[in-house]
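Here is a short briefing for a first look. Take a moment with the sequence and the fold before reading on.

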Amino acid sequence: MEGEVTVHGAKNSALPILAACLLSGGECTLHNCPRLSDVDATLKILRHLGCRVKREGGTVIVHAQSVTGKEIPDTLMREMRSSIVFLGAILARMGEARLSFPGGCELGPRPIDLHLAALKKLGVQIREDHGCLHCSAKHGLRGKRIHLAFPSVGATENVMLAAVLAKGTTILTNAACEPEICDLADFLNACGAKIQGAGDSTISIQGVSRLHGCEHTIIPDRIVAATLLSAAAVTHSRVLLRRVEPVHLESILSVFEEAGCQFRCEGKELEILPPAILQAVKHVRTMPYPGFPTDAQAPVMPVACLAKGTSVFVENIFENRYKHVGELVRLGASIKVEGRVAVVEGVSRLSGTAVQAADLRGGAALTVAGLAAEGITQVWGVNYIDRGYESLEGMLHALGANITRIS
């Protein structure tokens with residue numbers, strides 16, 4: 001492999017920003033909006049709620065003047081876990097919402113009690129009935145001081161979406177600091193919201209009476225960038241990534257640097273120069289931003305599988321995020337898991353075989369490992385990969401990888 005590739009827009013930015021379009025009451029134009037199955041599911045929800053949606057290449061245009069829906073059917077909610085972010089947006093726009101618990105990748109417990117507790121403080125009454133949430137704000141949403149027990153990205157987004165049209169000011173402490181939170185705040189502020197502090201642990205949201213449409217460009221996907229860097233590292237390939245935000249990748253780049261990779265950075269371009277022999281990474285601990293992201297844990301693990309020495313991964317965010325390990329072992333990796341810890345003993349080579357993706361990032365990890373494995377690797381469960389990568393095989397093929405999608 002060798003060459004250059006452009007990193008598409010961030011899935012984890014696109015989904016909450018699309019939900020936020022409900023609040024505008026006008027026309028929103030989103031550039032760099034990736035073609036993902038999760039984005040397609042989000043667009044279905046917007047149409048169901050009464051929006052007119054049009055895609056023109058990498059641009060999505062949402063007309064939210066005629067929103068009438070308050071309910072998201074179970075079939076749409078089950079398509080992805082991020083669908084819960086619609087709760088705050090529907091409540092702020094319509095005053096009530098009815099939806100079921102979300103679906104998506106099974107990563108272990110990811111309770112939404114943080115979301116619900118925060119929304120209750122804003123004046124939302126919540127009733128649960130056989131897996132469905134009936135939420136209403138009969139007396140309107142009112143700004144409050146809210147402290148999150150954990151800096152949850154989804155809960156932070158839901159509070160922001162609900163609070164922008166609430167009466168008064170909301171102060172959110174222990175908020176998530178991820179770049180995607182900043183992107184959502186930038187979009188909402190462009191629509192007329194008054195949000196300060198996004199990217200810090202304390203966010204101030206001064207409610208306004210109405211929002212308007214805007215034009216916005218979604219930030220590049222840092223997890224896609226990490227996956228492509230991993231692919232370059234395991235194949236010892238010199239690869240240039242275009243349209244990246246290097247500052248968003250600092251915790252990820254430090255892991256690759258420990259493995260022996262060098263980088264050249266200029267503006268929004270990043271070039272990786274991997275070593276002939278990868279070195280083990282002592283500890284990779286997933287943490288809330290600015291720590292190492294949980295979504296990058298699986299795609300980066302193949303680097304440790306082929307590195308010289310022992311690497312240790314500690315998963316601090318989700319309990320069930322090592323489903324890819326068993327399939328990496330089928331390829332010849334030496335990995336032992338105990339609870340939240342995975343110990344990876346580097347091996348000299350991997351051997352191709354048929355493997356099964358169990359979730360989005362695990363599927364990316366198996367694809368990366370397959371690039372370095374001897375012989376042919378078949379990765380099943382591509383539907384998971386399509387949730388977060390816009391033609392992963394197309395990006396890798398453009399870099400010279402011998403990879404083909406079989407329908």
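The points below cover strands, cores and a helix pair.

This is a predicted model: local features need pLDDT of at least 70, side-chain atom pairs count only at pLDDT 80 or more, and totals for chains, interfaces and linings use all residues. Residues are numbered from 1 along each chain as its sequence is written, and side-chain values use heavy atoms, with hydrogens and water left out.

**Strands**
- Helices (H or I, at least four residues) and strands (E, at least two) are DSSP runs, numbered from the N terminus.
- Four of the five residues of strand β16 (residues 269-273) are buried, meaning under 20% relative accessible area with a 1.4 Å probe, protein chains only.
- β16 pairs antiparallel with strand β14 (residues 239-242) over four bridges; pairing takes at least two DSSP bridges.
- In that pairing, Leu241 stands opposite Leu270.
- Strand β15 (residues 262-266) is joined to β16 by five bridges, also antiparallel.
- Gln262 stands opposite Leu273 in β16.

**Cores**
- The largest nonpolar core has 76 residues, and Phe187 and Leu188 have the most contacts inside it.
- A second, separate core of 63 residues includes Ile272 and Ala226.
- Such a core is a set of buried Ala, Val, Leu, Ile, Met, Phe, Trp, Tyr and Cys residues joined through side-chain atoms within 4.5 Å.

**Helix pair**
- The axes (lines fitted to C-alpha atoms over the stretch in contact, angles from 0 to 180 degrees between N-to-C directions) of helix α8 (residues 222-234) and helix α12 (residues 360-372) come within 8 Å and cross at roughly 20°.
- α8 and α12 are therefore roughly parallel, a label for angles under 35 degrees.

Methods: Buried < 20%, exposed > 50% of the residue type's maximum accessible area, 1.4 Å probe, protein only. Parallel < 35°, antiparallel > 145°, perpendicular 65-115°, else oblique.
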